[in-house]
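Open the model in your viewer and keep the selection panel at hand.

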Amino acid sequence: MTSKETEGFTGACGCGQVTYRMSSAPMFVHCCHCEECQKQTGSAYVLNAIIEADRVSCRGETTEHRLATPSGKGQIITRCGVCGTAVFSSYLVRLGKLTYVRVGTLDNPDLCSPNAQIFTASKQAWVPLNKDIPIFENFYEFKDVWPEEAYRRLTAIFG
């Protein structure tokens, strides 16, 4: 991809001290309604753009915080060291392999609309679900849901 094609895949924290660039489009975007994401974001859900960790470059002082996940395996939330905005997360089971970019921190979040709505069994009752985006009460099988190219990228990492 040229820099023009990845131009929109840049972002920053709330104060601008942490900036990042994704060198390609993400593989897949989750709209996660699990209770942990609700607690961690203070919102009804989180949007995470899933991308290979080596395709994300970051500048600025960050801190890392280990938090729970529904699986019990945990995750690391990367935050700006100045303002505390959550910019990335990495699930411990995939640490160093995948980065989950918080879509709201992108300069142009419209580039990363969700591909799936997950853990909807615990969504807030007042949140409507978009019937045009696949809905899963819990999780799903990657190979059954991800587009072929995205799944190829995923299997290139994990074999």
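Begin with the largest pocket, which holds about 380 Å³ of space. A pocket here is an open set of points on a 1 Å grid over the protein atoms alone, where a 1.4 Å probe fits, with protein on both sides within 12 Å along at least five of seven lines; lining residues have an atom within 4 Å of a point. Grid points are joined across faces, edges and corners, and the volume is the space filled by probe spheres set on the points.

This is a predicted model, in which local features need pLDDT of at least 70 and side-chain atom pairs count only at pLDDT 80 or more, while totals for chains, interfaces and linings use all residues. Residues are numbered from 1 along each chain as its sequence is written, and side-chain values use heavy atoms, with hydrogens and water left out.

Select Ser 71, Tyr 91, Arg 94, Phe 119 and Phe 139: of the 18 residues lining the largest pocket, these lie nearest its centre. The lining comprises 11 nonpolar, five polar and two charged residues (Ala, Val, Leu, Ile, Met, Phe, Trp, Tyr, Cys and Pro count as nonpolar, Asp, Glu, Lys and Arg as charged, and the others, Gly among them, as polar).

Next, go to the second largest pocket, with a volume of about 210 Å³. Its centre is marked by Glu 64, Thr 78, Phe 88, Ser 90 and Thr 99, the closest of 14 lining residues. β5, β6 (62–67), β7 (75–80), β8 (86–91) and β9 (98–102) each give two or more residues to this lining, and β5 gives the most, with three. Strands are DSSP runs (E, at least two residues), numbered from the N terminus.

Now colour the open sheet of seven strands, ordered β6-β7-β8-β9-β4-β3-β10 with mixed pairing (two strands pair if DSSP finds at least two bridges between them). β6 and β10 (116–118) are at the edges with a single partner strand each, so one side of each has no neighbour in the sheet. Within this sheet, β8 and β9 run antiparallel, joined by two bridges; select Ser 89 and its bridge partner in β9, Tyr 100.

Move to the open sheet of three strands, β1-β2-β5, paired antiparallel. Four bridges join β2 (residues 19–22) to β5, and Tyr 20 has Cys 58 of β5 as its bridge partner.

Finally, colour by pLDDT, the predictor's confidence in each residue, from 0 to 100. The protein averages 93, and 96% of the residues score at least 70. Residues 1–5 fall below 50, and this stretch has five contacts (heavy atoms within 4.5 Å) beyond near neighbours in sequence. Where pLDDT is low, the predicted coordinates should not be read in detail.
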